[in-house]
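Subject: Handover of a structure and the findings from it

Dear colleague,

Please find below the structure that I am handing over to you. My findings follow directly after it.

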Amino acid sequence: MAEMGSKGVTAGKIASNVQKKLTRAQEKVLQKLGKADETKDEQFEQCVQNFNKQLNEGTRLQKDLRTYLASVKAMHEASKKLNECLQEVYEPDWPGRDEANKIAENNDLLWMDYHQKLVDQALLTMDTYLGQFPDIKSRIAKRGRKLVDYDSARHHYESLQTAKKKDEAKIAKAEEELIKAQKVFEEMNVDLQEELPSLWNSRVGFYVNTFQSIAGLEENFHKEMSKLNQNLSDVLVSLEKQHGSNTFTVKAQPSDNTPAKENKSPSPPPDGSPAATPEIRVNHEPEPASAATPGAALPKSPSQPTEASEVAGGTQPAAGAQEPGETAASEAASSSLPAVVVETFPAAVNGTVEGGSGAARSDLPPGFMFKVQAQHDYTATDTDELQLKAGDVVLVIPFQNPEEQDEGWLMGVKESDWNQHKELEKCRGVFPENFTERVQ
């Protein structure tokens, strides 16, 4: 019997709740259609708007604070890894090793303390602050439902009073329900009318306390961290002083495509091919005196520079050679020494041997030595350089002043420019030898 009674009460309560929902739904429809008036409280509606705004601001602050804490934790881990790296590379015999290890330990503890205090003094306070909003939000929603119940009871009571055929018993019951609905609504409304403005005003003090806590914790953290960093800097300065001779100096690296102007050094070609150089053979065989001919150049001492005409295989006497008026004694002395003969092997182009006597040909520039062909594009970086495209043929000529020649650079004129202008002064220029290949 007790179970039946309990089930009956439960079933009755469910039926009552269902009836309330239907009545509220009907009332809302009538209010939207304008067939029933709705109780308005503009002051309370403003409080609700403030409440929603405060809730959104608090939720965003909580989210950003959690992001900040996650960043602090990530920075802690990164700092810890960095200090571990320092401890590993700090060799045992270096001075200050123990101090560096102690600084690393204090650094780790400082990060941990900072993170924990942020949690205790900011995040937990934030969670407590936002913890009151769900209950108040639920009560605001319930107050709205009770307001609909009150309006529905009021309309029902008014309709019974204005009916042509009045039923006093129904009117009395409707009045009783109206008074009850009004009482429930007003009780909730009064409480919220007091709490919402107070909650809205509390946001100022909460924001001040929260950001003051964060700012204070961060300030103290950076002060302590600054001291640790200064201590570490002092340890490293001491290490540098005792091992100053081993200090590594970082030097600026020149661009791969820009040779130095004071002393040009050729850039490496794109594929790293070796520099193309003329083939030179040195014959140490002694020359018999009878083999000398009137047009041949005499051997030179090591201190005497080799003229371009000799390298080119020309027949003109080099500067410093003996004149016919010199004594025969010097000729005899020269012929008694082993002769050093520099031979060049000129390139053969289309079956024609270039160089040698070809230097005197009118279709080639004066002093012509040999031909090379560009294997890679080269962009000139100065007015005295040639601009090359892969495939360009260059006629190589000697420098007017051999002392001006830098290692790895040649002087020449592009064959196409020479054939067109025949003006050496306007067309010649230097270029990196390793961007070209001699045409054999």
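Predicted model: local features only at pLDDT ≥ 70, side-chain atom pairs only at ≥ 80, totals over all residues.

Asn52 lies in helix α2; helices here are DSSP runs of H or I with at least four residues, strands are DSSP runs of E with at least two, and both are numbered from the N terminus. With a relative accessible area of 34%, Asn52 is partly exposed, a class that lies between buried (under 20% relative accessible area) and exposed (over 50%), computed with a 1.4 Å probe on protein chains only.

Residues are numbered from 1 along each chain as its sequence is written, and side-chain values use heavy atoms, with hydrogens and water left out.

The chain as a whole

The protein chain contains 9 helices and 9 strands. Of its 440 residues, 29% count as buried. Among contacts (heavy atoms within 4.5 Å) between residues at least 6 apart in sequence, 70% join residues at least 24 apart.

The helices

Helix α2 (residues 42-89) and helix α4 (residues 133-161) have axes that come within 12 Å and cross at roughly 150°. Axes are lines fitted to C-alpha atoms, for helices over the stretch in contact, and angles run from 0 to 180 degrees between N-to-C directions. α2 and α4 are therefore roughly antiparallel to each other; angles over 145 degrees receive this label, those under 35 count as roughly parallel, 65 to 115 as roughly perpendicular, and the rest as oblique. The crossing of α2 and α4 is left-handed, a term used if the near helix is turned anticlockwise from the far one by less than a right angle, with right-handed used if clockwise.

Which residues meet where α2 and α4 are in contact? From α2 there are Phe44, Val48, Phe51, Gln54 and Leu55, and from α4 there are Phe133, Ile136, Lys137, Ile140 and Arg143. By class, this contact of α2 with α4 has 7 nonpolar, 1 polar and 2 charged residues. Nonpolar covers Ala, Val, Leu, Ile, Met, Phe, Trp, Tyr, Cys and Pro, charged covers Asp, Glu, Lys and Arg, and the others, Gly among them, count as polar.

Helix α4 also meets helix α5 (residues 168-242): their axes come within 8 Å and cross at roughly 150°. α4 and α5 are therefore roughly antiparallel to each other, and their crossing is left-handed. The contact of α4 with α5 has 18 nonpolar, 4 polar and 11 charged residues.

The sheet

An open sheet is formed by 5 strands in the order β8-β7-β6-β5-β9, with antiparallel pairing; two strands pair if DSSP finds at least two bridges between them. β8 (429-432) and β9 (436-438) stand at the edges with a single partner strand each, so one side of each is left without a neighbour in the sheet. On average, neighbouring strands of this sheet are turned by 50° against each other, direction ignored.

Strand β5 (residues 370-374) pairs with strand β6 (residues 393-397) in the antiparallel sense over 4 bridges. Val394 in β6 is the bridge partner of Val372, and Val396 in β6 is that of Phe370. β5 also pairs with β9 in the antiparallel sense, over 3 bridges, and here Gln373 stands opposite Glu437 in β9. Because 4 of the 5 residues of β5 are buried, this strand is largely enclosed by the rest of the structure.

Strand β7 (residues 409-414) is mostly covered, with 6 of its 6 residues buried. Trp409, Met411 and Val413 point one way from β7, while Leu410, Gly412 and Lys414 point the other way. β7 pairs with β6 in the antiparallel sense over 4 bridges, where Ile397 stands opposite Met411 in β7. β7 and β8 likewise pair in the antiparallel sense over 4 bridges, and Pro432 in β8 is the bridge partner of Trp409.

A loop residue

Lys422 has a positive phi of about 55° although it is not a glycine. This residue is placed in the loop between α8 (415-421) and α9 (424-427). Lys422 counts as partly exposed, at 39% relative accessibility.

Yours sincerely
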